[in-house]
Amino acid sequence: MKNLGRIKRYIKGETKKIVFTLILVLFFVGASMSQPYLIGKALDEALANNYHAFLTYVITCIILAAVGIISGYLFERLVNKFTHNIVYKMRIDVFNKINSIPYSYFSNHSSGSILQFEIVDIENITNGLISLFKYFIEGGLTIIVTIILMFILNWLLAIGVILLSPLSIFVARFISNRNHKYFVKQFELQSNINALSKECIENLDLIQSNNYELQFIEKYKKSNNILRKHGNLALFSASWVNPSTRLVNNIIYALIGVIGIVIISIKSDIFNNLNAMISIGGLASFLVYINQYTKPFNEISSAAIELENARTSFERICAFLNQPDDKDEGIKEVTSIHDISFEHINFSYNKKQSLIEEFSLDITHGRKIAIVGPTGAGKSTLINLVLRYFDIDGGDLKYDGISYRELSKKTIRNNIGFVLQEPWVFKGTIFDNIRYAKQDATNEEIIDVCKKANIDKFINLLPFGYDTIVSSKNGLSEGEKQLISIARLMLAEPNIVVLDEATSNIDTRSEKMINDAFDKIMENKTSIVIAHRLSTIVSADVILVIKNGKIVEKGNHKDLMNKHGFYYELYSSQFDSVS
């Protein structure tokens, strides 16, 4: 069975609870199913004026009802407990997988689809597991016990019920097998609309500033309408299961009832010889058992939608968990890295379209390297390769002369600190956000770093200073969030500093202060700076001008300006636009 090993792992540790649950459900079903039999016996004794036996059956019935209530309560508690334990393990696996899959996976899949694993799919599996134990196991035992009791009451009528009841099963299975494709499509559309909602929430300021609300609403309505149509189709097709099985079961009930009445009425010797006679109380009990017998089928058919959802969700989660982890073949670990060498690097995101070809570059200790070029030239891609978010297609990338294949990713990333164009701040205090780079840093160390970064003043203006709770959307401007990211970098004190448009969200005055702080922290460190604003990198030791993944010019600012080449055009165009 597909994914059987994963199922076994999830139920490991819950075996005792499951076994005890099965014992409880056996008590619950046995106590519940025996009551109609005892009531029928009590009815026959009452008709025969045997009141002592009548009271005995009634008292026994009351005791069994109490047993059924207690065991039923414990059964519900245990089912919910181990179901949530199983789902807990699954949710942890999904979250761990998010943190272990290659970075490239996120560039090919929407965040809405990934969030659906943790929210919608996990919820569907929870409902499916509860339905499995409460309806299928309990219902299966109910069917078995009911069959036994029906045979005790009248074997001929029992055979009739058994021969006719598979009709409802075939009907339910026939419909369910044709529903699966609709639910798969529904989940795909649900992922798309989740991604659209997330995009709207994260970019609400941009949407409103461009008066794009109506267009986005129309876009959402269109996607939601498509989801509604496919959702209705899935539910409509599944909704045939329950009424169809109920119709079949009602026909069986009526047919068996008529046959029972005939047996009682005619009192034929044939039925006596076959030991197929039945009393009035027995027929009353038997008719109750027909309903009890068909009820689990109805409940199972009703749970078919939840189980179909759960199966689809489990397949989606397993497909995600079966994704290969981020490959890290490197085993060497060193305490420090200072030099980076690109040796005839080839790389592309899309294997059909090359991005970087035969790229070579040596970045030596203590040097400040600036990388400039037009959008899409491959500047940020180089940073992704340096941090090993992506692996190169050809050539070699060396750190202090050691190939990237030999060094562990942990070693590489421990030695590289970076600030990206989009600042990252999580929900927590200013202290927490900056301490993220160095978990054992004291408050005094953080405050000292913030003073060096010239951001201590704005932090002290916040409502609670360094203890102010902030998040990615509340509490700070974009520029202030970038300052927090820069302070985080300074606290880490990496050997190699990477700045990818790190001051793009900061005003000119703040930029001057930050650049002064950067100059301090980058002393005797290897640094790589990507900049669109070329005025910020005029002091770089070497400026690399990249175009179409290749170095087209190389030198310091003065030399490149004197060449009147591509760099000169880029710099002059910015100067002219500012003028």
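Contact here means heavy atoms within 4.5 Å. Axes are lines fitted to C-alpha atoms, for helices over the stretch in contact, and angles run from 0 to 180 degrees between N-to-C directions. Helices (H or I, at least four residues) and strands (E, at least two) are DSSP runs, numbered from the N terminus.

This is a predicted model, where local features need pLDDT of at least 70, side-chain atom pairs count only at pLDDT 80 or more, and totals for chains, interfaces and linings use all residues. Residues are numbered from 1 along each chain as its sequence is written, and side-chain values use heavy atoms, with hydrogens and water left out.

I will start with the sheet. It is open, has six strands in the order β6-β9-β10-β3-β11-β12, and its pairing is mixed; two strands pair if DSSP finds at least two bridges between them. From one strand to the next, the twist averages 20°. Which strands stand at the edges? They are β6, residues 416–419, and β12; each has a single partner strand, so one side of each is left without a neighbour in the sheet.

At the β12 end, β11 and β12 pair in the antiparallel sense over five bridges. Val545 has Glu553 in β12 as its bridge partner. The loop between β11 (542–547) and β12 (550–555) holds Asn548. Asn548 counts as exposed because its relative accessibility is 59%; the cut-offs are under 20% for buried, over 50% for exposed and partly exposed in between, with a 1.4 Å probe and protein chains only. Apart from neighbours within four places in sequence, Asn548 is in contact with Leu355 and Ala377.

Now the helices on the sheet. Helix α15, residues 379–386, lies across β3 (368–372), β6, β9 (496–500), β10 (526–530) and β11, and runs at about 145° to β10. Helix α20 lies across β6 and β9, at about 170° to β6.

α20 (residues 478–492) also packs with α18 (residues 443–452), at an angle of about 115° and with the axes 9 Å apart. On the α18 side the contact is made by Glu445, Ile446, Val449 and Cys450, and on the α20 side by Ala487, Met490 and Leu491. Those residues divide into six nonpolar, no polar and one charged. For that count, Ala, Val, Leu, Ile, Met, Phe, Trp, Tyr, Cys and Pro are nonpolar, Asp, Glu, Lys and Arg are charged, and the others, Gly among them, are polar.

Last, Thr411, in helix α16 (residues 409–414). Is Thr411 buried or exposed? It counts as buried, because its relative accessibility is 4%.
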